[in-house]
Amino acid sequence: MSYGPPRDVSVDGRLVDGAFGYLTRATGVCFAIVVLVLAIVVLFHRSRGGARVPHYTHGDRPRHHVLTALTALAMFVGIDAVLAGRSMGHLQSRFWKWPDGDPKAVRVEVTARQWAWTFRLAGPDDRFGTRDDVVMVNELRVPVDRPIYLKLRSRDVIHSLYLPSFRTKTDAIPGSTTRLWFQAREPGRTELGCAQHCGVSHYKMRGELDVMPAADWEAWFWRAVDDARLHAGADASVQLDGWDWDQG
Amino acid sequence: MSATRAFDERRKNATAVVGLTIFLGTLAMLFAGLFFAYGVMRAQAPAWPPPGLPALPRGALAANTLVLVGASLALRRARRAENARAWAFGALSLGAAFLVAQALVWRSLVLAGGGPSSGIYGSVFFAISGLHALHVVGGVVALAAVAAPRAPDARRLALCARYWDFVLVVWLIFFFVACVR
Amino acid sequence: MKLVSRIFSIDHKVIAKQFLFLGLAFLAVGGFMAMLIRWQLAHPGALFPVVGRALFGAAGGIISPAAYTSLFTMHGTIMIFFAVTPILIGAFGNFLIPLMIGARDMSFPRLNALSFWTMFASTAVLTASFFVPLGAPAAGWTAYATLSTAIGTPGLGQTLWVVAIYLNGASSIMGAVNYITTIVRERAPGMTWLRLPLTIWGLLMTAILNALFVPVLAAGMVLLFFDRVFGTQFFIAGSTIKGGGDPILYQHLFWLFGHPEVYILILPAWGIVGDLLSFFARKPAYGYRVTVGAFVAVTALSSLVYGHHMFVTGMSPLLGESFMVLTMIISVPAVLLYLNWLGTLWRGAMRLDTPMLYCLGLVFTFGVGGLTGLFLADITSDIYLHDTFFVVGHFHLIMAAAVLLAIFAGIHFWFPKMFGRRMSEPLGKLHFWLTIVSLNVVFGGQLVIGWAGMQRRLYDPSVYEFLRPLLALNRHISTAAFVLGASQLIFVLNFFWSLARGEKAEANPWGVGTLEWTVPSPPPEHNFDEIPVVVHGPHELGHPDVRTRLGKDWLAQNEAFGEEAEEAGAVPEVAS
Ligand code: HEA
Ligand code: HEA
Ligand code: CUA
Ligand SMILES: [Cu+2]
């Protein structure tokens, strides 16, 4: 039985897995060296009842310092610098490049509360907090191959929207608005959850993410809008609960 | 014999000064944490002070500042003067007066609807001035213990004076951010 | 009367033992809680064997979600603040600082006693927090607002938790003031900064960090207390966005303390291994000055990296990337001192006594723990790994493996000096092997589980479909954890048996040169009949000339040899 993360169904998850893979290999090499050194000293550099004479040195000659410094530098450049460069690149070009002007982006307002997720899509009027909003609880339906742009708020305590199959998460914090975007590579259902401890039922704050083929999603969306309009007549409080997208 | 004793005294003195300095450093960090919180609250607020709150009794606070300055000066005198004990008790009463006046300020604010739970402004005002007052209480107690004997120990008095100077500096910063800027 | 003065002793050696026993007792409590946690993760919602009904009677003997929440909160809190802190800093610091620097006591012995009794009071408050209406503290050891405010945890328990942490911090601050002053002022003649044992350097840096950053935690606790009790709104957001307090402010205050705190816990451990590796490899510590420089560098930088705990709170990209780079930079001094450990071992004449085994275990587990820190420092991978068991694995490998092993090494090593008897080597070795194997399975397993995506602080992972396949692995981890827990009974046995029956120890059973070994075991109340005059560093082992001329392989720090003997004549006599 082998263990590993759930299958990555996102466009950018491979960048995360790539970073993880690089880290595993690079630190693995370092640690293998460490283990080798430990094995040698434990096996061969033993006192054996005082028979062995240790090599007397304080290790404080310039050549010793140069050796230590060079090894540390090699490790810093080989692991840290490579990763930092790579991460900054990916953050700027992907993870933190918000699809603000993108007409294809699907915008979602997320409200977290103990212990449920509310997802809100703007209706045909393209505004949030109006009677045609499509509101889903613990389930988010999105189309495949389009950027999904979420803004998150919380009603009570800090939660964290976690999409393991997309290798991403972000906190939902009372009093401020945070953002997250992702894009699905293929249709299918995956799980979403809460990653930040938010009280006794934190473990139950689970939901589903349904990635649908574009046409199916369109069809569903219009049906949902009709539904919303129908129900909004009696009690629209759920519908009106959104906020102005540009405000946060 | 007496030379080594004088040496010992000086050593002890220096040790106590090192200890107190580190201790004041930790207190400085405590208040730095509080002022940091103050800064964040203020930077994030749409308006500062938030509208609709009772005005701060600036006059009373300014007078209180003078009282605390007086206490510090009195302790300064006490370190040199012949009648150290009298000066120390002078400082002590000024400290006590400060606390009473502070209590009155808080009372008036609470009565005017500007208590600690009235909003973010009340929160910072009461938290910082309250914690500061707690440290003044500590100073009063310590000073009372030091000044009680007929001939107060000069070393302890000097340490007290340093502590009171510190409490004064914290107050001045608070007064500046709360009432001036 | 005699009893009272013994209990409220101001002798640093007695206070050290008080800290030790307090810490060990809470280590046992925290360890037992870990067993309960592991039971729940292996058998969600199943009746806890034997003592289940006694502990969780109201829930019919099973661990309820609320109980689980309190369990990990209290486990983390107890382990960090009430087990490791009193043992590593309270006990070792108090016992070793005066003895190792050649002083008769701390600078402020009464403050020292006050520090212990404040800690004692805080344990009382913490214990009380278990038994109050509306339940024990439940906001995690980090107590993030707004969960830790009245919004998330209305009960008295959480308020008492805040008070307990505040008192605990006050105790640490008193200790820190004392430690720093003592090390600055009371060093024996000739004990220059660069002749201090690494243990003392570690404890000094820890004390400095405690003095600087525990007050920041205290500030956070004061504000949290105000929010809970007086209705202020520091951490409670207003009805409009940015119209009130800010929960994130709490995280800034907490981690501004919290990251230095992790170095507070590791620095004494680094110091102890730094010395012990040299002692048992029978050669001087490699690159002593570089190691000291690394300690200082870590201390200086420690507060600048704290943002790496907050990468997913929506912090600005510039800030996030700065914290990432700074975190990577701070790992450089750690690498330097790590390489120096390896250098110390290289071509030594290693004796595998029990303390050395623990130290080698530490080198191994700190390697894994430290390297996994790099996975978390990288924002891209941390976005995925944050708040998963990968983080749990990372910090257990360092705190619950490396630091704990340093504690075991230290207890084994200094037991003769503390109690005048030696601990059993065979029992020690058995304890070591069982511990090191099960430890790595548990914490290595946590890394795998976290990489597979399991969140931390999850009462019942089987709620998530994608976590269900992990149940088998979780069970293996738990089995290893139970082995780990049971193995600790060997340590307890060894400890108490040796206390009563252990072989009597001579003054210097390990044959090493730091000053505590120049006085009898246990030392007399005033430590040194005559204040020693120090002539060289702490690691004079294996010098070829010493071997040929003295027939032993070590020099005490105050033992002049060769040229030093001539120089020593020039050291002025001390008064008294
Ligand atoms: C004593 C405790 C301790 C120590 C020393 C460290 C050390 C480090 N920690 Fe850790 N950390 C914690 C305790 C500790 N940590 C805790 C308790 C948490 C979680 C808190 C919570 O949320 O509850 C945490 C969380 C944590 C996070 C946040 C994760 C998250 O919540 O998402 C991050 C992110 O950057 C991090 C990074 C690091 C780094 C880079 C180091 C570095 O200092 C490590 C440096 C060490 C090395 C780099 C390894 C040594 C070198 C070698 C093995 C060299 C071999 C080389 C050759 C042969 C070439 N830690
Ligand atoms: C130094 C700190 C420390 C230590 C030593 C440990 C030790 C252990 N921890 Fe702990 N743990 C934390 C600090 C620590 N932990 C923290 C900070 C958290 C996060 C909490 C939070 O999320 O808020 C955590 C959370 C945590 C979790 C995650 C819970 C969750 O997120 O759902 C788990 C799960 O496996 C766990 C397991 C264990 C295990 C199996 C041990 C084992 O090593 C325990 C083995 C048993 C012992 C070590 C007892 C030994 C006893 C003695 C030796 C007694 C001697 C007595 C005398 C001589 C009188 N811990
Ligand atoms: Cu919401 Cu955890
Ligand atoms: Cu950190």
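Is C:H309 buried, partly exposed or exposed? At 21% relative accessibility, C:H309 counts as partly exposed, whereas C:H259, at 5% relative accessibility, counts as buried (buried, under 20% relative accessible area; exposed, over 50%; partly exposed, in between; 1.4 Å probe, protein chains only). The model is predicted, with local features needing pLDDT of at least 70 and side-chain atom pairs counting only at pLDDT 80 or more, while totals for chains, interfaces and linings use all residues. Residues are numbered from 1 along each chain as its sequence is written, chains are lettered from A and ligands numbered from 1 in the order in which they are written, and side-chain values use heavy atoms, with hydrogens and water left out.

C:H259 belongs to helix α8 (residues 247-281) of chain C and C:H309 to the loop between α9 (288-301) and α10 (317-345), 50 residues apart (helices are DSSP runs of H or I, at least four residues). The iron atom of ligand 1 is 4.6 Å from the copper ion.

Around ligand 2 there are 33 residues, of which C:R38, C:Y68, C:H75, C:H396 and C:R457 come nearest (a heavy atom within 4 Å). Oxygen atoms of ligand 2 lie 2.7 Å from a side-chain N or O atom of C:R38, 2.6 Å from a polar side-chain atom of C:Y68 and 2.8 Å from a backbone N or O atom of C:W141.

Key
Donors are N, O and S atoms within 2.8 Å of the metal (3.2 Å for Na, K and Ca); water is not among the atoms, so sites may look incomplete. Helices (H or I, at least four residues) and strands (E, at least two) are DSSP runs, numbered from the N terminus. A polar contact is a pair of N or O atoms within 3.5 Å; within protein, one must be able to donate a hydrogen and the other to accept it, and residues adjacent in sequence count only if both atoms are side-chain atoms.
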